[in-house]
Structure formats: structure tokens, C-alpha cells
Amino acid sequence: MGLGAYVAVSAALFALGIICILVRRNVLYVLMGIEMILNAANINFVAFNRFGDNGLDGRMFAIFTIILAAAEAAVALAIVLNVFHLFNSVKPSEADLLRE
Amino acid sequence: MSETLLQRAFYGVLGLVTLAALGWGAATAGPAGVAFALFAALTLGGGVMCIWERSVVRSAFALMATFCGIAGLFILLESDFLAMAQLLIYVGGILVLILFGVMLTPPDLGERSLPRIGLGAAFVGGGTLWIAAKVAASANWATDSAPGEPTGNEAFSTAERVGVGFLDANGYVVAFELAAVVLTVALVAAVYIARRKRADLVAEPESGTMGGSR
Amino acid sequence: MAFLLTQELPVEHGGFGGFEYALLLAVPLIPLLGYALQMSLRKKLPWGDKLLTLGMGVSMAITVFMAFKAIAASHHEGFQFFHESARAGHGWSFKWLYHALDWDAAKNISVGILYDPLGAVMLAVVGIVAFCVHLFSQGYMHGDKRYNIFFANISLFSFAMLGLVLSDNILFFFIFWELMGFMSYSLIGHFSHDPDNPYFHRWASWASKKAFMTTRVGDVLLLIGILMFFGWTDPELGRSCASFRFTDLWAFSQEAVQAHQAAGGVGFPTWMTVAGLFTFGGTVGKSAQFPLHIWLPDAMAGPTPVSAMIHAATMVAAGVFLLGRMFPMFSPEVLIVVTAVGATTALFAATIGMTAWDLKAVLAWSTISQLGFMVAAVGLGGVTAGMFHMTTHAFFKACLFLSAGAVIHACHHEQDMRKMGGLRKRLPITFACMLICTLAIAGVPFFSGFYSKDMILLSGWAAILEPDGFTGWSVYATAALSLAAILTAFYMFRMVFLTFFGTYKGEIVEGHHGHGHDDHGDHGHDDHHHEIVHAEDGGVAHGHGGPMPKEVGWQMATALVILAFLGFFAGDFPSLGWFNIYHPHPWFESLATLESLYPNVSGWMVERFEVSEHVEHMAHARAFWGSVLVIAPAGILAAWFLYMRRKDLPAKITGALGIVYETVANRYYIDEFVKAAVIAPTFALAKLLKLIDEKIVDGFVLLVGAVNRLLGGFMAAFDRVVVDGIVNAVGLVSQTFGAVSRLLQTGRVQQYAAFAFGGGLLAAAWLILS
């Protein structure tokens, strides 16, 4: 399959990731959505790397993305647990102390 | 009752779409196409399922399917090391973290009703796709080769190449080191943020966190 | 005036010692200084009355001294008294306006002193009378509430009169004339400040206004006359006089008349006749001639010293003095008018004087009558006679008034002669003075009044006997004056007999003693309207009873004696004609000749008014024998008969005369006529104007106010609706913005994420697609 297919998949996954963030009323879905988005970006990197000079740059960047995604997921989970303890709810709309 | 009907209808549609995709893949590019279609269906289907599922646990596992599909796509893209790394880290690490989160939070019955920003979300998502389509339509997709045909340097396998790249002074050694620092910091930060406060320790009404998952 | 104190005097004079000049200046300025001191220091000035009297005495001394020099100079030719330039037609002049403003057109407007024979005598008269009045007032006004202010006022009045006599131009003459009018108003109204004295309180305020208003009419006419003489361009000469100085006016009038006659006219130019008539209008007002005489009887509401000084001796004489100063400018037509008015006034006032019961009223009418004599004399051409009578009249009338004041004071403010009587034993000094002066006014030989009245009748006869002078008016005037003289003698002696002879008819109440003029109770006259005093009750002020009358204090007595002395001697001293009664040479006659009075037009005046020796002798004979044989005896005997012998006869006569007597006693109803014809329409006009002012003018103002309010309402509504609306709208916009913006700040993470993604999307779309 050509580059276009991979880019299409990446774009679709990206959109799904956004929708997942915005639609569900559970902070864990926000986490999952973020992972989906990051993965979509990864696909893009690797696809363009393969169909470009087939070198190292895109793949290296993808690796780093994965590393950072992992670090971010850890911290994010810690935050989610903290927020949950504070507001006693997993609904992100409950944590609206910044309202107005 | 209509809930289950909707579920089944949805799954049916999803399956049909998957089959159609497989057929299309086969039709266009033979076995490579099928493989691609399979992994793409896995990825996107997993994403849809993740959004669609009412239960958080099931959504998490749908996400796992997505990760696996992406790993397959990496393999198809001649990035075996990356595929392995994807599986190891994402499925083995991040997904576990998410599952921990699921377990530590109360069960969420997941309302079916569309939240207030549903329209906005649809708009955003649709808009993204539309942009992508426009860009795609305007791009000149000059592809070098079909998948499965190696190009470029084969002297090293991807893993070796990545490893050499990590240690190469002209390459990514600085980034490598920084990544290590970041990980350390993230580790410390996660521990710190997630610590139990003294107040929680003293008066501890175990608010049903271990509600278990259904 | 600081100019005059410096060395550089831009004064046109030469030779007359600066010392005499300074003395003459001091004469009016001393009373002025007294006034200023008294009014500024009020009660804090110690012995203010005595200080002012002393000041007036100093002025008097100066005037008398200078007058003696003048009289001596007139008897000795070559005695350098009058400055040469005085004979040439200049006094001392100071072109104040020209020097102050450096204004060419004002070159002829000057201020200065004219000290000629007439002025010298008049100045001495005023000085003496003023001093005597000051002295008399110390006794008479004792205890009055506004005692010090009274003295200040009469001092200021003296300043005005002295200034009037000294001024060398008609403008300043007029200024002082007006000031005297105002002082007359203040002084007549002296008692109007005393609400405890209801009789005088209302009468005085009314009378003072009446005096001022009536003389004002005369003043306006005088001003018109002055301005005409100043600025009228004579058609023959082609220029106007353009100067206010008397000497310039005389010279100009001579030139104008001679030019007019050279051009073929006869007599005076018409404009000079008209101007002369206007000028005479001033005399009619100020000297209480018919028809402007109405204020003088009511002026008796003022204190008696005021009556003595102002309304007997000085202010009313100012009108006659004016005639003397302006005499060269009166045409024969004007002189006929003057004669007619004067003679009529003399006779008419004498008839009313016969019917008066109030002591001061008799004297007031007698003053009007004597002023008529003076005015008629001037009209007949005897200006010297008129001025002489003015001099003697001042003395004896002032003495009469002051004596009357003494009598009234002694009788506890009783002014009705019917309640007096037999006072000659109780008030001997007063009686003596009053008798002397009554003899003088009646024209008994050896007394001053005889000489002056004789001169007046002489002028009258001379006017008849002059070859071209037999005009009807001269005959009328001489006849009227002679008849008036008889009546004068009659009613003056009537007054003396009623007051001093017989038995005292007043109430005697023990216990009242030594009070002032203002601690009276009600007089029983509250509802008496004193605008017009009717004859039914005699129109007199009533006093209340008190102890038997007793003689006056030393101050009053001194003043009376001085004036009585002059009333006796002022006629013919120090001439040797003392024993030559048939050929008197009164000092005045040689002092104030036509040549010395009008030095720069003397030839022209002599030509107009000199009478031949022959005519003079004939006229003198008729006048003299007429006076001695007919006038004085007739009057005195008639009075003696009616009021001493047959005391019932007067009542029978008045009863028989009936309505005639009523009319005369009610002053010919002239006051009523004036009230109906002049005063009532003026008040009606004032009411109408007031109505117009209230309805129309105020209505208009209120309308403007209402319109303003309406506009204000509109503005308020506009402000409320539009302006506030705009402001509110702005606020509303802000609020809306805020409300809208608030929607963005939901605090919800997913919505923030949605916005972020949406914004990024839009940016990407714009970047990629554009």
C-alpha cells in the first residue's frame, strides 16, 4: 500500500483520538485518547520515513515519542488519581474550580 | 433491550466494514494489501470500539487492539524494532497503567447520551478528516515502492541501526541521555504526585475505590 | 484741590493777596470740616455742638471782617480792595476740568471765587445768621435724640450756602443750589425720625418730600436756563457763550443784544427771553413764589432754627441772589414776568398771613410775601433795592423765627397763638427782640426794614414815572406792593398783640419741666392728615400744658440779641444819614451800585436801568411819604384796634366775610388743587406702571422662567433616556461580552481541549489552504 494509505490511517486514528478525548465523561478516556493521538503521529513519522529516505530519523523520533508517551502516561495517571481523590469523581466536568 | 440491539448492530456493521476492507486490500495489493487492511482495521476498529464501549475496561482492551494493530503496521513499514518497542511499552506499560487507573477508580457506567460537546467533537473530528482529505488530495503521492519491498540500506537490521544511532555522537546520543533524564524525572514526579497524603492516612474512609470492575 | 496747596497755582489772578484768597476759601470749608468730623466721629466727638458753633463763628468773623473791608472800600475811592481784574471781569478761576483732563473743549469750565460787593454782603449775612442759628440750636435742640446730627446738617448747609455765594460760575452755583435743596430736605425731615412724636413724625416726612419735589421743579427749569445760556448759538453773533462764568455770561449777553439791535431787531433776542424765563423758574421754586410756594408753609414741620436759617434768611434768599447775579441777562419781557409774579406773590401771601393762627405759619407766609417784594423789586429794575431788602430781611426774619422758637419752647411746644398771650412780662428779652424785628418788617422809620422797603417802593414809583416806563405792570406792582406792605404791618402786629399782650390762655400743668422735643406723648392729632392743613382747627401744632412760660437760656438769648441788633441797625449804619431820615444814604446803596455789581457791563446796565435825578426825587418823595404816613400807621393801628381794643371784632369780620374768609384761610385751596391735579395723576400713573411691571414685565420674566423649566424638563428627559441609555447600553455590551466570555470559562478540561483543537484546526486550515 502506498504512503497515502498509511497517512489516511494516521489521520483517522488522530480524529478518533480527538473524539475520544472530547466525548467520554471519564478522565481515563482522556488518557486513552491522548495515546491514540500519539500513536497516530507515530504512524505518520514511520510511514514518511519508510517512503522517504528510509533512514533513521523518523524511526528515532518515533522511539522518542514512545518514550515520552510512557513518561507522560505515568505522570498523567498520578494526576488523575490525585484529581479523583480531590473531587471524588472521575468525571472531568466535576473538576471545574477554574470556572469563571 | 434496545441497548444490546444497538450494540449488536454496531458490531455487525463493524465486522462488515472490516471484511470489506480486507476485500479491498486483497483486491488492490494482494497479500500485502490484505495484511495492511487487517492491521488498519484492527487499529481503527480498536479506536472506534474504544470510544463506543460503555465499560472502561472494555475500552482499555480495545485500546490494546489498537496498539497491536499499530505494531503490525510498523512491521509492514520495515520497523521491526519499533514494533517491538511499541508492543512492549505501550501494551506492556502504558496499557497496564491505564488498567491500574481503571481499577483504582470507581466503575463508570458510561452513559450513552451524547455530552454537550458532542457536536463540537463531531465538528472537530470531521474537520480534521476533512483537512486531511484536502491535504491528501492536493499532495502528490509519489511512492517509491509497494510495501514489502525493502529499499535502502540493509546492512543493519532496524534494532542495530537504532542502537548505533543512540550511541552515535553525530546522532541521537544527547537525545538518548535526555530521554533518560526525562524518564527519571517522570518517575520521581509520578511517585510524588501519587503519594498518599498524611490526612488520607490518618482518617481513611476507604471511599469505594476498590469497587472492582465489572 | 491739592493743586491749590502747591506753589504752582494755575490760577488767573494777579495781585490780590493769597492770604485773603485763603481766608475766603476757609469760610465755606470750616463748616464742611465740621460736618465731616461730626458725621465720622458721631457721639465720640466731645462737645461737638460747641465745636461746630465755634467753627461757624470763625467763618462768620472772617466774612464780617472782609465785608467791612468791602464797605469801607466803597466809601473811600482808591482803597485797593477789589482786585483790578475783578473790575475787569475776572474773579479767581481755576480751570479744573481743563487741567485735569487736558481737554481743549473744557477750557471755559472753571471753578473760582467771585468776591464782589453783593457777594461780600451776602456772605456776611449768611455767616452771621448761620452762627446765630448754631448758637440758638444749642439751647433749643437740647435733649433731641439726633442733636449732633442736627448740628452736622446745619454746618453742611452753611457750607453749601457759603459756596453758592462765593462761586463765580453758574455751574457751581447750581451744584451748591442743589446741595442746599437736599439739606433742606434732610433738615425739614429732622423730626421724621422720631416715631414717638406722631404729629411731627408724619408731617415732617411728608413736608420734607414736598419741599424737595417742589423746588426740584424749579431746579429743572433753572438747569434748562443755565444750559441755554451756556450753549445756545446766538444767530447774530454766530457763537455760543460756552462759559459758565458770570462775567463771561454778562459780557456775552451784552454782545448778543447789541448785535441783535444792530441787525435791526428791538430788544433782546427771543432765545434769551426764553432762557431768562427758565432761569426765573429756579427762583420761583427756591424762593417760594406763586405757584411753587406750596412747600414753604409745610416746611414749618422742621425745627425752628431750621426755619430761621433756611426758610427765612438764606436758602430762599438764594433765589433772589440768583436774580441778582443773572440780572444783566434778563430781557424786559422776562422782567415784566418777574415783576408780575413777585407782586402777586407778595399780595397773595399777605392775605393768607392775616388768617393764620399758627405762630410759625404767620412767619412763613410773611417770608413768602417779603420774597415777593424782593423779586418784584428786581423786576422793576431796582436790583440794588431787592438785594438790600434781602439783606435786612435775613436779619429780622431770622430773629423773628428764633424768637418764635423761643416762645414755642417756653410754651411747651404750643404753637397756636390763641393759646398764648401776656408773654411780654414772662419773656422780656424775647419780646424785645421780636418787637424790634416786627417794627423792622412793618417798615417803621429808623429800623432796617424801612430803608429797604423804601428803596423797593422807590423803584416801583420810578418805574411808573419814567418817561417810557408807564406800563400797566409797574402800576399794578406798585399798588400791590403798597397794599401788601400795609397788610404786612397789620398781620405782624396782630401776631405780636396776640402773643405778648393780654392774658395767658395756655394750660398750666405743674411738674413738666425741661424736656426736649421728642419725649412727647400723643398729641391727639393721630388721625390728622397733614398734607393739607385745614383752617377749621387752625392747622396748628398743639403743645400740652406745663408750668408758666419762662425766659430762655443764654445761648438762645445771645443769638436773638445779635440778630435783633442787626435787624435794627442793618439799615443805615454807619452813615451820617442817621439823623437825616429824609435823605438816607444806606451803606448798601453806595456799596452795590450797578457799576460795582456788574463791572464789565456797567455802561450797558446803567444805560438800561438808570433813572434820572428828577424822577428819582419824585419817586423817593412818594415812596417815603407813602410809607411813613400811610403804610406803617395804617397797618399798626388796624392791628391795635382789632386785637387790643375791640377783641370781639375780628370774629365778627370773619363771620361777615364768610366764604371769602374761608377761601383765604384755606390758602385759596391751592394745596388741594395741586393734590388733585398733579399728585393724584402721578400716583395713578405710578400705580399703572406698577401694574404693568407686575403683570407684563414680571409675567414675561415668569414666562421665561417657565420656558426654562420646560426646556429643563426636556433636557432632563433627554439626559435620562438618551445619554443614560447610551451609558447603559455600553454597560450592557460589556455585560454581554462578559456573559459570553464566561461561557468559555467553564473550568471543564474537555471543553478547553475542544477549543484548543478547534482553534488549531482553524489555524491549520488557514495555513494549509490559503
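Visitor: How is the size of an interface given?

Guide: It is often given as the accessible area lost when the parts come together. In this predicted model, chain B and chain A bury about 6500 Å² between them. Of that area, 76% is on carbon and sulfur atoms. In terms of residues, 86 of chain B are in contact with 63 of chain A.

Visitor: What does the interface of chain C and chain A bury?

Guide: About 1000 Å² is buried between chain C and chain A, with 63% of it on carbon and sulfur atoms. Here 10 residues of chain C are in contact with 14 residues of chain A. C:Arg748, C:Gln750 and C:Phe757 supply 52% of the area that chain C buries against chain A, more than any other three residues.

Visitor: How many salt bridges are found in the whole structure?

Guide: Over all chains, the search finds six salt bridges. One of the pairs to look at is A:Arg50 with B:Glu78: A:Arg50 lies in helix H2 (residues 27-51) of chain A, and B:Glu78 lies in the loop between helix H2 (56-76) and helix H3 (80-104) of chain B, so the pair joins two chains. Their side chains meet at 3.3 Å, N to O. Across the interface of chain B and chain A, the rule finds one salt bridge. Between chain C and chain A, the count is zero.

Visitor: How are two packed helices described?

Guide: By the angle between their axes and the distance between the axes. Take helix H16 (residues 383-410) and helix H18 (residues 448-465), both of chain C: their axes come within 8 Å and cross at roughly 155°.

Visitor: Are H16(C) and H18(C) roughly parallel or roughly antiparallel to each other?

Guide: Angles over 145 degrees count as roughly antiparallel, and H16(C) and H18(C) are therefore roughly antiparallel to each other. Their crossing is left-handed.

Visitor: Which residues meet where H16(C) and H18(C) are in contact?

Guide: On the H16(C) side they include C:Phe388, C:His389, C:Thr392 and C:Phe396. These residues of H16(C) meet a set in H18(C) that includes C:Tyr451, C:Lys453, C:Met455 and C:Ile456. By class, the contact has six nonpolar, seven polar and one charged residues.

How values were computed: Residues numbered from 1 in each chain as written. Chains lettered and ligands numbered in written order. Predicted model: local features only at pLDDT ≥ 70, side-chain atom pairs only at ≥ 80, totals over all residues. Heavy atoms only, no water. Axes fitted to C-alpha atoms, helices over the stretch in contact; angles between N-to-C directions. Helix = DSSP H or I, 4+ residues; strand = E, 2+ residues; numbered from the N terminus. Parallel < 35°, antiparallel > 145°, perpendicular 65-115°, else oblique. Left-handed = near helix turned anticlockwise from the far one by under 90°. Contact = heavy atoms within 4.5 Å. Nonpolar A, V, L, I, M, F, W, Y, C, P; charged D, E, K, R; others polar. Buried area = accessible area lost by both parts, 1.4 Å probe. Salt bridge = Lys/Arg side-chain N within 4 Å of Asp/Glu carboxyl O.
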